[in-house]
Amino acid sequence: MRLTELLRTSAFRLTLGYLAVLAIFAFAGFRYLYSESLEALQIESRQIVAAELEGLAEHYRTFGPLRLANVIDGRSRYGGRSLYLLVDRRGRKTAGNLASWPEAAQGPGTWHDFHYRRAHDDQPPHRHTARAYVANLPGGFRLLVAHDIDEEIALSRRIVIFGAAAGGLIVLAGLAAGILVSRDLRRRAEAVDETGRRIMEDGDLSRRVPVTGRGDEFDDLATSVNRMLARIEVLMAELREVTDNIAHDLRRPLARLHARLEDVLRGPAETGAYRDALERSVAEVRELMDSFNTLLAIARAESGPASMLPVDLAGLAEDLVELHAPLAEERGVALEFTAAGPAPDLEGQPELLAQALSNLIDNALKYTPSGGRVSVVVGPSGVSVADSGPGIAPEDRERALDRFVRLDPSRHLPGNGLGLALAAAAARRHQARLVLTDATPDQTSPGLKASLEFAPS
């Protein structure tokens, strides 16, 4: 990856923003510490000068100029950082370790910084700097007491150099960190982009975004994208399966319809034959329309969000039992409704739930022999429909929930293999499960119990 590409990434720009904020606060902190340090050094040097000046002035007032000159000469011989100069009313040097009166230190009662040289110092004046205070003494004498501040100036320069070096290192470290972070984030973003590009190029939905295992937000994103790809892969597989099933299961009724109409057209023009052919054709078309309507209902159940309304599950089940009672009586099957406890509080699509529950009751009535029993039970977990028919083998129950699946024992009965698929889609739409189990422990005729189990609210 080229450096110019890294510099244009959002991560690098964000790093620059944080670095700029850090630099501003660091500069403000350094400026404060620098000012406080210089002020502390200045206060220290001024306190030293003020203390010496006060002592020397008091000595002058007590013992006179001659004794003061002796004290100043004695202190000057120590060669320390203190500087002294005592001059008479004519400006002639009386005592001290300065060669001459500095031009920058003329006014009394104020502080002066000046360059100097000592009385026996051959170095140029700019090599030394002092801070002085001037006092006028009685009798026309003038006293200057100063303190060498070369170390203070050198320390301030070292602070500035250290601050500049530290600031430079912070900037360089920030830029390096920005490049490294940008490279890592760009590499992980490219992994997502590469997966998407490969899927678009070859249509292989089995590809997944790599997960590093760090547990960070990129891993969370990759996990979400992988779940989305897995769901899309399942939906595409179901779509292909539905397309194949439609082509297979609907081709036969269409072929029968086409052949029947051709036979009628080739035969003699008899009103009775035409009417019989039309009636059977209408029945075939009605079955096709039922299949397509069921497919549309499944698609709506699996589509985006819809308006949710309160659902009285017990009342809905009781109404459907009453609606199917004539059909059950016609087939010689006992259809019962039982409330085994309070039904769960639901918000959903009443029409979809009614259609799903109606399909379960239809299937139970269809596969229950005459003299059998179908029980619809509503309880705290949901609603179940149990029959006394042949049931479904455990290994076939998951496959029975797919579209257009008709198990061998039911091939001779009318239907399109979409009833349980619609009920399963309705269950998923309401965050529920459609569970198929044996209705009784009888191995010869275990029956089937189809339960819509809703999650507790």
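**A tour around helix α9**

Start by selecting α9 and α11: α9 passes α11 in a left-handed crossing, meaning that the near helix is turned anticlockwise from the far one by less than a right angle. You are looking at a predicted model, where local features need pLDDT of at least 70, side-chain atom pairs count only at pLDDT 80 or more, and totals for chains, interfaces and linings use all residues. Residues are numbered from 1 along each chain as its sequence is written, and side-chain values use heavy atoms, with hydrogens and water left out.

Helix α9 covers residues 350-367 and α11 covers residues 419-429; helices here are DSSP runs of H or I with at least four residues, and strands are E runs of at least two, numbered from the N terminus. Their axes lie 9 Å apart at an angle of about 145° (lines fitted to C-alpha atoms over the stretch in contact, with angles from 0 to 180 degrees between N-to-C directions).

Next, show the side chains between them. On α9, pick L352, Q355, A356, N359, L360 and N363; on α11, pick G419, L420, L422, A423, A426 and R429. Contact means heavy atoms within 4.5 Å.

Now zoom in on N363 of α9. N363 is buried, at 18% relative accessible area (buried is under 20%, exposed over 50%, partly exposed in between, with a 1.4 Å probe and protein chains only). Leaving out residues up to four places away in sequence, N363 touches G419 and L420.

Finally, select L357, which touches A317, L320, V383 and V385, again not counting residues up to four places away in sequence.
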